[in-house]
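Please consult the sequence and the model below before reading on.

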Protein chains: 2
Amino acid sequence: MRKGAETRERILDQAVRLASRDGLEGLTIGTLSTELGLSKSGLFAHFGSKDELQLQVLQATVERFEETVIHPALSAPRGEPRIRAVFERWLDWENNPSMPGGCLLIAAAVEFDDRPGPQRDYLQEAHRRRFEFIAKGARMAVEAGHFRQDLDVEQFSFDVLAIALGYHHMHRMLRDPKADARARAAFERLMAEAKA
Amino acid sequence: MRKGAETRERILDQAVRLASRDGLEGLTIGTLSTELGLSKSGLFAHFGSKDELQLQVLQATVERFEETVIHPALSAPRGEPRIRAVFERWLDWENNPSMPGGCLLIAAAVEFDDRPGPQRDYLQEAHRRRFEFIAKGARMAVEAGHFRQDLDVEQFSFDVLAIALGYHHMHRMLRDPKADARARAAFERLMAEAKA
DNA sequence: GACGGAATAGAACGATCGTTCGTATAGTTC
DNA sequence: GAACTATACGAACGATCGTTCTATTCCGTC
């Protein structure tokens, strides 16, 4: 029972790594097991189905996202500082070494947005929570007087997420070194407009 | 020679449709051929390899994008009207019925951004051209006096593309009916800021 | 209307997919 | 240390993958 949990974690770690490059469907039990020095059937027994493996890979990724972005941001003061902390951590997250192929949550979203099933349901909920988290942060910034009173906090959240997606695209597809500067400039413009 | 070109087009049309939902790798010669009432080998002979099929699917998609977005926009007057035309057409494009799974260029970008090869090379170039096209449009708007003189036109292009990606995400993953309004609001804010 | 090449079909290939099953080993518990 | 269970393995399953080969059918040209 102890040993099993350890290997399961080792499997998921490598699975996240592979899935970030090849996609959740491109992730294969055969290659995953050989890379880990396990047998296909031995690895398979931990999950029972590929669907379940994919689901647990997503859950592991969300956990890491919360550890890397959400929790640290929550230890920053409410209002503008927290918003800035989220954004900074978010950019870091996009370059997290545990996902050499870039944010798995974005890749999986594009991959599964048209395939009904538990994977899509889970992803939808996860992305909704990310949206809500930023909106809530903006709401606090309004209450703290950092942002203007009539700010549409959900529009603000959309704008921040769009910047993150734009960064991901420019960084990973176009491989443009200016991606970071572009995302930051867009963010600063957004912040200025939220205050004015 | 005539007949062959016709079927090839029929194949690519359905291939784009399937790939937009299942991805370029999820697109399979077996299912594609059965859906079209062709034999696997007969279909395969048109392309010679799956790589080539994927490449031609991408090329067909880019052609359609240019017909749907680029060319109509070019018939609008330079400056702000053309920028607005691009944006409007772009939103239409994201809902183009020939791609029931959403913009294939976005899906393929996420799928192939870590897989070196001709598909990625082609996608990179295609996305770069889309970026340049908007930047060029913004440059003209500056010259026409519609946008302020010191506008960073490439930053503007990044911002527009980010909105398009945000729309895609909110529309297809979150299935949020407000996606359209959010994208438009973000765009108007961007336009106002480009003029001021 | 025969000829020639293009277009399509059919069968089969080795490889790999996810999955199942029976068995051996390793770990935990008493 | 014995008994038991969790963990892992090896072999095999049917299905499907991309691809190859050969044979057939279609169509435009002389």
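Which helices of chain A and chain B each supply at least two residues of the surface near DNA strand D? They are helix H1 (2-26) and helix H3 (40-44) of chain A, together with helix H1 (2-26), helix H2 (29-36) and helix H3 (40-44) of chain B. The model is predicted: local features need pLDDT of at least 70 and side-chain atom pairs count only at pLDDT 80 or more, while totals for chains, interfaces and linings use all residues. Residues are numbered from 1 along each chain as its sequence is written, and chains are lettered from A and ligands numbered from 1 in the order in which they are written.

**Surface near DNA strand D**

- DNA strand D is surrounded by 22 residues, where "near" requires a C-beta atom, placed from the backbone, within 6 Å of the strand.
- The closest are Gly4(A), Ser41(A), Gly42(A), Gly30(B) and Ser41(B).
- By class, this surface has five nonpolar, eleven polar and six charged residues (Ala, Val, Leu, Ile, Met, Phe, Trp, Tyr, Cys and Pro count as nonpolar, Asp, Glu, Lys and Arg as charged, and the others, Gly among them, as polar).

**Contact between chains A and B**

- In chain A, 35 residues are in contact with 35 residues of chain B (contact: C-beta atoms, placed from the backbone, within 7 Å).
- H1, helix H6 (104-112), helix H7 (118-143), H8 and H9 of chain A each supply at least two residues of the side that touches chain B; helices are DSSP runs (H or I, at least four residues), numbered from the N terminus.
- H8(A) provides the largest share of that side, twelve residues.
- The side of chain A that touches chain B divides into 15 nonpolar, nine polar and eleven charged residues.

**Helix packing within each chain**

- In chain A, the axes of helix H8 (residues 153-173) and helix H9 (residues 179-195) come within 9 Å and cross at roughly 170° (axes are lines fitted to C-alpha atoms over the stretch in contact, with angles from 0 to 180 degrees between N-to-C directions).
- H8(A) is therefore roughly antiparallel to H9(A), a label for angles over 145 degrees.
- The residues of this contact comprise eleven nonpolar, two polar and two charged.
- In chain B, the axes of helix H7 (residues 118-143) and helix H8 (residues 153-173) come within 8 Å and cross at roughly 125°.
- H7(B) and H8(B) are therefore oblique to each other, the class left after under 35 (roughly parallel), over 145 (roughly antiparallel) and 65 to 115 degrees (roughly perpendicular).
- The contact of H7(B) with H8(B) has nine nonpolar, one polar and two charged residues.

Terms used: Two residues are in contact if their C-beta atoms, placed from the backbone, lie within 7 Å.
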